[in-house]
Amino acid sequence: MLPPAAFWFVVRFAGADPASDTFFQEVSGIGSEMDTTGFAEGGENRFVHTLPVGVKHTPLTLKRGIAGLDSPLVKWCRATLEGGFGQAIEARDLTVYLLDAEGEPLRGWSFGRAFPKSWAIDPFQDDKTRVVIEKIDLAYTTTTRKL
């Protein structure tokens with residue numbers, strides 16, 4: 001059996017309409033890393049013990065063609081990044097699904113308490129004819145592989 005192709009996927013936000021803001025050109029940053037610290041044992045100079053401190057997550061990056069102001073994801077990014085700190089940041093759960101040829105989930109990754117960390121537009125260039133891409137980086141607290 002061949003490994004699944006990485007070109008068909010969908011992103012689902014908890015509490016959002018399944019048909020809105022679900023398709024992206026690229027999703028990256030699915031991963032975790034154990035943060036460690038070194039500890040030198042007294043009287044033993046040949047090595048340093050490496051001890052786990054906690055798990056850190058790389059930002060989840062979503063890329064797509066630039067969306068309109070009516071997009072729920074754009075509204076969330078604007079409220080978080082342009083609203084100042086006068087209101088609480090709304091964290092949301094989301095899931096990224098890798099789909100099979102019939103559109104059924106093959107693999108899934110859940111991200112808990114995610115919020116927009118950055119929102120940027122690719123450079124405008126007069127020598128290329130391509131779609132303007134927006135990039136949204138999300139910070140999150142937990143990640144779990146579902147399937």
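Start at R46. At 70% relative accessibility, this residue counts as exposed, because the cut-off for exposed is over 50%. Keep in mind that you are looking at a predicted model.

**Salt bridges**

How many salt bridges does a search of the whole structure find? It finds six.

Next, select R78 and E82. Their side chains meet in another salt bridge, at 3.0 Å from N to O. R78 is partly exposed, with a relative accessible area of 37%. E82 is exposed, at 52%.

Then go to E90 and R92. Here the closest N and O atoms of the salt bridge are 3.1 Å apart. E90 is partly exposed, with a relative accessible area of 43%.

Select residues 92–99, which make up strand β6. Seven of these eight residues are buried, so the strand is largely enclosed by the rest of the structure.

Which residue of β6 stands opposite V10? It is Y97.

Show T95 and find its bridge partner in β7, S110. Then follow the chain through the hairpin of β6 and β7, where five residues lie between the strands. Stop at G103, which takes a positive phi near 85°.

**Helix α1**

Select residues 72–81 for helix α1, and color L73, V74, W76, C77 and T80, which are buried. These residues cover an arc of only 160° around the axis, so they sit on the same side of α1. What covers them? The cover includes β1, β5 (60–65), β6, β7 and β8 (133–139).

Look at the N-terminal end of the helix. S71 caps it, with a side-chain oxygen 3.2 Å from the backbone nitrogen of L73.

**Last stop: T61**

Select T61 in strand β5. Is this residue buried or exposed? T61 counts as buried, because its relative accessibility is 11% and the cut-off is under 20%.

A polar contact of 2.5 Å joins its side chain to that of T61. Finally, display the surroundings of T61. Leaving out residues up to four places away in sequence, T61 touches E26, V27, S28, K135, I136 and D137.

Key. Residues numbered from 1 in each chain as written. Predicted model: local features only at pLDDT ≥ 70, side-chain atom pairs only at ≥ 80, totals over all residues. Heavy atoms only, no water. Buried < 20%, exposed > 50% of the residue type's maximum accessible area, 1.4 Å probe, protein only. Helix = DSSP H or I, 4+ residues; strand = E, 2+ residues; numbered from the N terminus. Pairing = 2+ DSSP bridges. Arc of directions from axis to C-beta. Contact = heavy atoms within 4.5 Å. Polar contact = N/O pair within 3.5 Å; in protein donor to acceptor, adjacent residues only side chain to side chain. Salt bridge = Lys/Arg side-chain N within 4 Å of Asp/Glu carboxyl O.
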